Amino acid sequence: MLPEWIDLDWMKTARLLAEDPVEGLDPEAVTVSDTVEIAAPARVVWQVLTDLDAYADWNPFCVRARSTLEMGAPVEMALVNYAAPGTLVPNCEFICGFEPERLLSWSLPWSREWPYPARRDQVIAATGAESCRYASTDAFSGRERHPCPTLRRPLGQARVR
């Protein structure tokens with residue numbers, strides 16, 4: 001269940017799992033990180049979030065990220081491989097949400113090679129002139145969903161410093 005302050009329009013119109021067993025949304029398969037209250041304006045948090053060269057400074061799961069952040073652009077990442085400690089997994093997802101100072105999202109569509117479509121939304125909400133909150137969601141779609149619980153767990157555990 002999403003906290004009240006997180007309003008993701010795409011979820012309101014997404015096809016559900018019963019309608020689309022390949023890429024349909026199962027609301028029960030959405031993970032939500034803890035909400036982090038931040039003593040900084042939303043614009044500052046947005047600058048940190050979109051500084052992909054420094055992304056690993058606050059997100060230990062993603063040690064490298066590269067993208068132009070334009071809608072549809074690839075986000076090339078190197079992710080910690082929890083199944084094989086000490087190794088990294090290359091990953092490429094695509095920008096599907098970009099609302100400055102509010103939302104940065106990328107998704108991985110279904111493919112035969114990787115039949116586990118997913119979407120990550122990173123949400124910022126101003127709570128005052130000098131404060132905001134941050135949380136991320138990961139929606140694992142389709143009937144296959146990612147089979148590895150050790151991967152699903154860390155995706156929802158972002159740290160903000």
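Analyst: Helices are DSSP runs of H or I with at least four residues, numbered from the N terminus. On that basis W46 is found in helix 2. The model is a predicted one.

User: Why is W46 called buried?

Analyst: Buried means under 20% relative accessible area. W46 has a relative accessible area of 9%, so W46 is buried.

User: Which residues is W46 in contact with, leaving aside its neighbours within four places in sequence?

Analyst: With those neighbours left aside, W46 is in contact with F98, E99, P100, E101, R102, L103, L104 and I124. Contact requires heavy atoms within 4.5 Å. As for Q122, its C-alpha atom is separated from that of W46 by 10.0 Å, and the two residues are 76 residues apart along the chain.

User: Which residues of helix 2 are buried, and what puts them on one side or on several sides of the helix?

Analyst: In helix 2 (residues 42-50), the buried residues are A42, V45, W46 and L49. They cover an arc of only 105° around the axis, which puts them on the same side of helix 2.

User: What covers the buried residues of helix 2?

Analyst: The cover includes strand 2, strand 5, strand 6, strand 7 and strand 8.

User: What makes a set of residues a nonpolar core, and which members of the largest one touch the most others?

Analyst: The members are buried Ala, Val, Leu, Ile, Met, Phe, Trp, Tyr and Cys residues joined through side-chain atoms within 4.5 Å. The largest nonpolar core has 22 residues, and L49, Y55, M77, L104, W106 and I124 touch the most other members. Two or more residues come from each of helix 2, strand 3, strand 4, strand 6 and strand 8. Helix 2 gives the most to this core, with four residues. Apart from it lies another core, of eleven residues, including I6, L8, V30 and L103.

User: What is M77 in contact with, leaving aside its neighbours within four places in sequence?

Analyst: Beyond those neighbours, M77 is in contact with C62, R64, A65, V89, P90, N91, E93 and W106.

User: How do you know that R120 and D138 form a salt bridge?

Analyst: The cut-off is a side-chain nitrogen of Lys or Arg within 4 Å of a carboxyl oxygen of Asp or Glu. The closest N and O atoms of R120 and D138 are 2.8 Å apart, and the pair forms a salt bridge. R120 lies in strand 7 (residues 118-128) and D138 in strand 8, so the pair ties together parts that are 18 residues apart in sequence.

User: Are R120 and D138 buried or exposed?

Analyst: R120 counts as buried because its relative accessibility is 7%. D138 is buried as well, with a relative accessible area of 5%.

User: Why are R102 and E99 called partly exposed?

Analyst: Partly exposed covers what lies between the buried limit of 20% and the exposed limit of 50%. R102 is at 27% and so falls in that class. E99, at 35%, counts as partly exposed too. The side chains of these residues, R102 and E99, meet in a salt bridge (3.1 Å, N to O).

User: Which residues other than glycine have a positive phi, and where do they lie?

Analyst: L69 is one of them, with phi near 65°. L69 lies in the loop between strand 3 (62-66) and strand 4 (74-80). E101 also has a positive phi, of about 65°, although it is not a glycine. The loop between strand 5 (88-99) and strand 6 (103-108) holds E101. L69 is buried because its relative accessible area is 11%, whereas E101 is partly exposed at 38%.

How values were computed: Residues numbered from 1 in each chain as written. Predicted model: local features only at pLDDT ≥ 70, side-chain atom pairs only at ≥ 80, totals over all residues. Heavy atoms only, no water. Buried < 20%, exposed > 50% of the residue type's maximum accessible area, 1.4 Å probe, protein only. Arc of directions from axis to C-beta.
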